[in-house]
Amino acid sequence: MTPIPIQQATRRRKALRAWFDPRGRGLGFIAFALQRITGLGLVLYLLLHMAVLTTLLQGESAWDQFVAFAKSPIMLLFDLLLIAGILIHGLNGLRVSIVGLGFGVKQHKTFFWIMMLLSALLFVYAGWLLFAH
Amino acid sequence: MSNNGRPGPKTPVTLKILRYKPGSIDPPRYDTFQVDADPLMTVLDALEEIRATEDPTLAYRHSCHHASCGTCAMKVNGKDVLSCVTKVLDQKSDVIVVEPLGTMPLVADLVVDMGDFARRYEPAGLSFVRESEYLTEAQTPEGVERYTRFESCIECGICLSACPVANTNASFIGPAGLAAWYRSLQKGDGERADILAAVDSDCGVWGCHGAMECTEACPSQVQPGDLIMYLRREVVKSKLPWAH
Amino acid sequence: MQKTTPSKRGGSWIWQALTGVLLILLLGLHMIAQHFVVSGGLRTFQDVIDYLRNPVILVLEAIFMLVVTYHAMVGVRAILYDLGLDEAGKKKATTVLTILGALIIVWAAYLLLRLTSM
Ligand code: HEM
Ligand code: FES
């Protein structure tokens with residue numbers, strides 16, 4: 001009997017579940033999913049960021065308009081999301097690089113928590129800077 | 001419900017089991033069954049009882065009943081486990097969802113095609129028997145030359161099912177296979193350069209993203225995820241300019 | 001059924017890790033220099049232009065764009081590879097992402113050149 005490769009038929013739906021559904025999964029999986037989500041988010045942001053910077057070419061008034069928009073509360077929240085994404089992706093990325101070369105493998109969970117604690121501290125500091133200025 | 005002979009008070013539990021028979025139960029669906037679980041009843045025991053008393057067509061695999069043959073692996077409430085050592089009441093839920101392993105193609109009900117596992121595992125050529133690291137000083141009985149020990153991997157497929165990458169990537173060698181290559185390297189089976197070349201690709205060690213679900217799920221202490229990381233280090237070390 | 005043919009494209013993880021570590025420095029500098037030391041987080045039009053005329057900043061931003069684009073494209077490719085692409089699919093992914101990356105870098109270079117000559 002030929003087995004039915006169900007996974008081939010529903011590859012994309014399967015990918016979403018396999019990569020992002022944390023049910024029944026451990027901490028390492030959470031880190032993996034976070035790295036992937038933040039990585040994709042940062043790529044989108046990079047493109048958006050460049051599109052916005054392109055308005056500089058249209059001269060001063062277009063830029064001033066953007067700056068005014070960027071200071072709205074909604075955009076500040078978006079900035080916070082961005083900062084969180086950068087911190088989580090960057091610091092977890094550092095952890096992945098080190099563990100991925102065979103160092104601190106047994107301690108990878110503690111290492112993850114240390115990186116997330118560091119992210120949280122830097123996040124609070126960045127948030128304070130963002131709103132204090 | 002039959003009295004299964006195990007001691008202790010009985011608790012009614014519902015099992016929600018994935019059913020699939022090519023051509024007849026197709027697409028797959030869930031069937032529910034009631035069992036009276038005692039504290040010692042395992043998920044495999046429950047399946048045996050259902051098959052004996054309610055539905056003789058229920059398909060699942062098992063052999064040893066004690067975590068050493070590796071045939072009875074399946075998903076219980078979403079976790080990849082050996083059903084023969086997973087107690088029903090330890091799940092602490094009234095409804096227990098029982099599904100086949102992921103990654104490998106479904107054959108019927110709770111049975112997946114282990115050929116997919118073999119295809120990824122066998123190229124490493126790992127032998128089952130290893131030198132015993134224990135009791136080196138112990139006397140061997142007459143007629144026994146030396147103690148041997150089996151490799152820890154019981155080839156159950158749990159790591160392959162738990163791995164988020166293997167789930168979607170059929171060309172990834174996957175945890176058990178890469179761990180087997182690392183064991184060959186450790187034991188000095190075959191040329192070091194050949195082993196490193198076999199795993200130095202995006203289907204090999206570089207396909208892993210370090211989610212460590214395999215190490216988390218392995219019922220036999222192989223810790224495949226850890227071994228993949230060590231294997232990577234060996235690959236990188238062999239490429240450093242001062243390595244030669 | 002697919003075979004586990006070891007296609008020889010293993011080097012990119014190392015480069016992604018290395019560019020990642022480099023990005024901690026470059027992105028850190030970028031965030032601090034462009035946003036955090038600036039009152040209000042964003043410069044006025046003339047300030048942006050003047051700032052980019054500083055050759056050190058210009059070179060750092062240019063390097064940042066190169067590194068971040070490479071890292072991002074290799075990252076997206078790694079995710080696509082995880083879908084279990086065959087060899088032809090992998091080639092296609094690499095081609096498309098190389099072109100996309102090249103476009104991003106050309107776009108960034110054009111922006112930097114135009115802005116510094118404004
Ligand atoms: C701030 C410093 C950064 C560090 C240390 C870093 C590190 C890493 C590492 C080590 C990986 C590999 C993860 C893996 O193999 O599973 C990775 C993946 C990735 N990174 Fe970064 N990164 C950084 C910034 C960025 C930025 C700014 C972007 C976007 C423009 C980005 C986009 C990606 C993407 C798309 C992936 C693929 C995710 C995946 O494989 O699941 N990274 N990063
Ligand atoms: S039946 Fe042998 S491992 Fe479960």
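Student: Why is C:His71 called buried?

Tutor: In this predicted model, C:His71 has a relative accessibility of 13%. Buried means under 20% relative accessible area, so 13% places C:His71 among the buried residues.

Student: What coordinates the iron atom of ligand 1?

Tutor: The coordinating residues are C:His71 and A:His89, each through its NE2 atom, at 1.9 to 2.0 Å. A donor must lie within 2.8 Å of the metal, so both NE2 atoms qualify.

Student: What makes the pair of A:His89 and C:His71 join two chains?

Tutor: A:His89 belongs to helix α5, residues 73–99, of chain A, whereas C:His71 belongs to helix α3, residues 55–81, of chain C; the pair therefore joins two chains.

Student: Is A:His89 buried or exposed, and how do you know?

Tutor: The relative accessible area of A:His89 is 15%. The limit for buried is under 20%, so A:His89 is buried.

Student: How is the packing of α5(A) and helix α1 of chain C described?

Tutor: Two packed helices are described by the angle between their axes and the distance between the axes. The axes of α5(A) and α1(C), residues 12–36, come within 10 Å and cross at roughly 145 degrees. The crossing is left-handed. Among the residues of α5(A) that meet α1(C) are A:Ile83, A:Gly90 and A:Leu94, and those met in α1(C) include C:Trp13, C:Val21 and C:Phe36.

Student: How do you know that a polar contact joins the side chains of B:Asp55 and B:Arg19?

Tutor: The distance between them is 2.8 Å, and a polar contact requires a pair of N or O atoms within 3.5 Å. B:Asp55 lies in the loop between α1 (43–53) and β3 (73–76) of chain B. B:Asp55 also touches B:Phe33 and B:Ile50. With 15% relative accessibility, B:Asp55 counts as buried.

Student: Why is C:Val96 called exposed?

Tutor: C:Val96, in helix α4 (residues 87–116) of chain C, has a relative accessible area of 51%. Exposed means over 50%, so C:Val96 is exposed.

Student: Which elements does chain A contain?

Tutor: Chain A has six helices and zero strands. Of its 133 residues, 44% count as buried.

Terms used. Residues numbered from 1 in each chain as written. Chains lettered and ligands numbered in written order. Predicted model: local features only at pLDDT ≥ 70, side-chain atom pairs only at ≥ 80, totals over all residues. Heavy atoms only, no water. Donors = N, O, S within 2.8 Å, 3.2 Å for Na, K, Ca; no water. Helix = DSSP H or I, 4+ residues; strand = E, 2+ residues; numbered from the N terminus. Buried < 20%, exposed > 50% of the residue type's maximum accessible area, 1.4 Å probe, protein only. Polar contact = N/O pair within 3.5 Å; in protein donor to acceptor, adjacent residues only side chain to side chain. Contact = heavy atoms within 4.5 Å. Axes fitted to C-alpha atoms, helices over the stretch in contact; angles between N-to-C directions. Left-handed = near helix turned anticlockwise from the far one by under 90°. Lists of a residue's contacts leave out its neighbours within four places in sequence.
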